[in-house]
Amino acid sequence: MTHPPDPDLLSLNTATVREKWNLRQMIEGCARHRIRGISPWRDKLAEMGVKEAARAVRGNGLTVTGLCRGGMFPAADRKARKAAIDDNRRAIDDAAALEARCLVLVVGGLPPGSKDLPGARAMVRDGIGEVLDHARSAGVPLAIEPLHPMYCADRACVNTLAQALDLCDELDRNGSGALGVAVDAYHVWWDPLLKTQIERAGEKRLLAFHICDWLVPTTDLLTDRGMMGDGVIDLPLMRTWMEEAGYRGFHEVEILSSGNWWRRDPDEVLVTCRMRHQTAC
Ligand code: ZN
């Protein structure tokens, strides 16, 4: 039996309570429930203002475990690709202002009307390559988040940890730590190579660990994610693999759940997150 995780390593990905709370409420909610990490999304961040958010995060002693999200690189024409690059640079600056541990990259899928998957993947590689220097000088590591293959067309054409790490090898050859991966249990739990790829990533490239659970059956491709312990993912085993590979960072709860958790009182959700972190992770 795995020992329970350090409760101070729990982080809230704010998508978990996005329907009922604004960012200020999320920050204060974390403080109230003694959740030490937070990972905001940019829409809520823009609503509150980056400076104000940074002040509130610091004032409550929270660690920003990631900013969600940059990426979305593939686009139909040069102008739109350039706009994506510019947007990623702004996201890097926001992440720096928040002293975020990383900027999470959901890299993007096929441009509208396209069937050129290798082309989209090349645009992702080129896009990350274009913003990497900016990220380096801002001191913000970029975390490529492989998404489950069911999102390949519309959200991310990087779908396995191996694929994400190949990009890291190509773009950041010496493993400086400027480029790494976000391991989201929901997206990678099924991968037969998961353990070896976590080992391959190692301490320098393991930038974030996102947790929730895979429900059986899953009734919505995007917003039917489960609370830890309610599904089929062996989260303690995955955490063990992360720790054995040198990961010492936070465990970020990210639950998109339109039918269940989004409807509940966010204070109840956070209480449940804290409890399940101890019993199911
Ligand atoms: Zn995630």
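This is a predicted model: local features need pLDDT of at least 70, side-chain atom pairs count only at pLDDT 80 or more; totals for chains, interfaces and linings use all residues.

Reader: Let us start with the core. Which residues of the largest nonpolar core touch the most other members?

Author: The general idea is that in soluble globular proteins, nonpolar side chains tend to be buried together. Here the largest nonpolar core has 82 residues, and those touching the most other members are Ile-128, Leu-142 and Ile-144. Helix H5, residues 117-138, supplies the largest share of this core, with six residues. Another core lies apart from it and has eleven residues, including Ala-15, Cys-68, Ala-143 and Ala-208.

Reader: What does Ile-144 touch, not counting residues up to four places away in sequence?

Author: Among its contacts beyond four places in sequence are Leu-105, Val-107, Ile-128, Val-158 and Ala-164. Ile-144 also touches Leu-167, Cys-168, Leu-179, Gly-180, Val-181 and Ala-182.

Reader: Now the helices. At what angle do the axes of H5 and H6 cross?

Author: To read a helix pair, take the angle between the axes and then the residues that meet. The axes of H5 and H6, the latter spanning residues 161-171, cross at roughly 55 degrees and come within 11 Å. H5 is therefore oblique to H6. The crossing of H5 past H6 is right-handed.

Reader: Which residues make that contact?

Author: H5 contributes Arg-121, Val-124, Arg-125, Ile-128, Gly-129, Leu-132 and Arg-136. From H6 come Gln-163, Leu-167, Glu-170 and Leu-171. Sorted by class, the contact of H5 with H6 has five nonpolar, two polar and four charged residues.

Reader: How do H1 and H3 lie, roughly parallel or roughly antiparallel?

Author: The axes of H1 (residues 23-32) and H3 (residues 50-59) cross at roughly 10 degrees and come within 10 Å. Angles under 35 degrees count as roughly parallel, so H1 is roughly parallel to H3. In this contact Leu-23, Arg-24 and Ile-27 of H1 meet Glu-52, Ala-53, Ala-56 and Val-57 of H3. By class, the contact of H1 with H3 has five nonpolar residues, two charged and no polar ones.

Reader: Next, single residues. Is Asp-172 buried or exposed?

Author: For a single residue, look at its place in the chain, its accessibility and its contacts. Asp-172 sits in the loop between H6 and strand S7, which covers 179-184. Asp-172 counts as buried because its relative accessible area is 1%, and buried means under 20%. Beyond four places in sequence, Asp-172 is in contact with Leu-132, Arg-136, Leu-167, Gly-177, Ala-178, Leu-179 and Arg-205.

Reader: Where is Thr-272 found, and why does Thr-272 count as buried?

Author: Thr-272 lies in helix H10, residues 266-280. Thr-272 counts as buried because its relative accessibility is 10%. Apart from residues up to four places away in sequence, Thr-272 touches Met-227 and Trp-261.

Reader: What is the relative accessible area of Arg-89?

Author: Arg-89 has a relative accessible area of 28%, so Arg-89 is partly exposed. Arg-89 belongs to helix H4, residues 78-97. Leaving aside neighbours within four places in sequence, Arg-89 is in contact with Glu-130, Val-131 and His-134. Arg-89 and Asp-184 are 95 residues apart along the chain, and their C-alpha atoms are separated by 24 Å.

Methods. Residues are numbered from 1 along each chain as its sequence is written. Side-chain values use heavy atoms; hydrogens and water are left out. A nonpolar core is a set of buried Ala, Val, Leu, Ile, Met, Phe, Trp, Tyr and Cys residues joined through side-chain atoms within 4.5 Å. Buried means under 20% relative accessible area, exposed over 50%, partly exposed in between (1.4 Å probe, protein chains only). Helices (H or I, at least four residues) and strands (E, at least two) are DSSP runs, numbered from the N terminus. Contact means heavy atoms within 4.5 Å. Axes are lines fitted to C-alpha atoms, for helices over the stretch in contact, and angles run from 0 to 180 degrees between N-to-C directions. Angles under 35 degrees count as roughly parallel, over 145 as roughly antiparallel, 65 to 115 as roughly perpendicular and the rest as oblique. A crossing is left-handed if the near helix is turned anticlockwise from the far one by less than a right angle, and right-handed if clockwise. Ala, Val, Leu, Ile, Met, Phe, Trp, Tyr, Cys and Pro count as nonpolar, Asp, Glu, Lys and Arg as charged, and the others, Gly among them, as polar.
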